[in-house]
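Please keep the sequence and the coordinates in view while reading.

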Amino acid sequence: KDALHIALRMVLSIPLQDIMSYKKVAKAYFALLEVLCHHHTGTLASQDSATVAFLLTSLDQGIKSLDVGISSACASAVDNLATFYFKNVMREPESGRSAAGSAEMQEHLRQQPGLLPEILKSLFEIILFEENSNQWSLSRPMLSLILINEPVYLQLRQQIVLAQPADKQAHLAACLDKLMTDVGTNLEPKTRDKFTQNLTIVRHEYRSKS
């Protein structure tokens, strides 16, 4: 645990702009974050709000990276954090007890409610409007991010539609109406796969007429 805290302090001592400016540093940093979010989610969530905000902001930047390895690692890290929140805050934990860090994570997001929606917005924009070779990886955190705050997702969806040229808005809205068709409110593998399948269809239908 002490080693983890030391590693986090070292990471936080490097400005995000510097991390993103050097590919080798960025790869090492985001690979570390992916591992920490997967194996030490509660410990990360127990950090102070400024640290959690820095980590989430950096993951948002990493998702936008043109390096497929970096963006995929960031998507995986975000999915682990959002899934942790969904399973321990939004749902009754299977063990009957919330995991360590659950209350802290809830408080972080209460204080800074825009952190995760901003990441979801980035993911939508990349998948819908940009070329990408790792769509499956980028799609994985999207369902967990939607399910932890569905009202915010609906607002975000409207923002994305209205940001497009007027002659494309109705078409995009019609495509997005199909995104959650037959998708349950859980994060079981079948549900995730159905969501990814729907997202692929939405992207194809929108881009085929754009």
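This is a predicted model: local features need pLDDT of at least 70, side-chain atom pairs count only at pLDDT 80 or more; totals for chains, interfaces and linings use all residues.

A polar atom of the N88 side chain lies 3.0 Å from the backbone nitrogen of A99. The two residues are eleven positions apart in sequence, and their C-alpha atoms are separated by 6.5 Å in space.

A polar atom of the T83 side chain is placed 2.7 Å from the backbone oxygen of D79. When residues up to four places away in sequence are set aside, T83 touches S144, L187 and R192.

## Aromatic pairs

A pair of aromatic rings is described by the distance of the centres and the angle of the planes. The structure holds three such pairs. One of them joins Y29 and F30, whose ring centres are 4.8 Å apart and whose planes meet at 70 degrees; since an angle over 60 degrees counts as edge-to-face, this pair is assigned to that class. Y29 is buried, with a relative accessible area of 5%, and F30 is likewise buried, with a relative accessible area of 1%.

Another pair is formed by F124 and Y153, with ring centres 6.1 Å apart and planes at 15 degrees, so the arrangement is stacked. F124 belongs to helix α8 (residues 115-129) and Y153 to helix α10 (residues 150-162), so the pair ties together parts of the chain that are 29 residues apart in sequence. Both F124 and Y153 are buried.

In soluble globular proteins, nonpolar side chains tend to be buried together. Here the largest nonpolar core has 62 residues, and the members that touch the most other members are L56, L59, F124 and L145. Helix α6 gives the most to this core, contributing ten residues.

What does L145 contact beyond its neighbours within four places in sequence? With those neighbours left aside, L145 is in contact with V78, A82, L116, I119, L120 and L123.

## The chain as a whole

The protein chain has twelve helices and zero strands, so that its pattern, read along the sequence, is α-α-α-α-α-α-α-α-α-α-α-α. Among contacts with a separation of 6 or more, 70% are between residues 24 or more positions apart. Of the 210 residues in the protein chain, 47% count as buried.

For 210 residues, a compact globule would have a radius of gyration near 17 Å, and the protein chain agrees with this expectation because its own value is 17 Å. The C-alpha atoms fill a box of roughly 55 × 45 × 30 Å when the dimensions are taken along the principal axes. The protein chain exposes about 10,900 Å², of which carbon and sulfur atoms supply 53%.

Note on methods. Residues are numbered from 1 along each chain as its sequence is written. Side-chain values use heavy atoms; hydrogens and water are left out. A polar contact is a pair of N or O atoms within 3.5 Å; within protein, one must be able to donate a hydrogen and the other to accept it, and residues adjacent in sequence count only if both atoms are side-chain atoms. Rings of Phe, Tyr and Trp (its six-membered ring) pair if their centres lie within 6.5 Å; planes under 30 degrees apart count as stacked, over 60 as edge-to-face and the rest as tilted. Buried means under 20% relative accessible area, exposed over 50%, partly exposed in between (1.4 Å probe, protein chains only). Helices (H or I, at least four residues) and strands (E, at least two) are DSSP runs, numbered from the N terminus. The radius of gyration is taken over C-alpha atoms; the globule rule is 2.2 Å times the number of residues to the power 0.38. Contact means heavy atoms within 4.5 Å. Accessible areas come from the Shrake-Rupley method with a 1.4 Å probe; for residues, only the protein chains shown count as cover. A nonpolar core is a set of buried Ala, Val, Leu, Ile, Met, Phe, Trp, Tyr and Cys residues joined through side-chain atoms within 4.5 Å.
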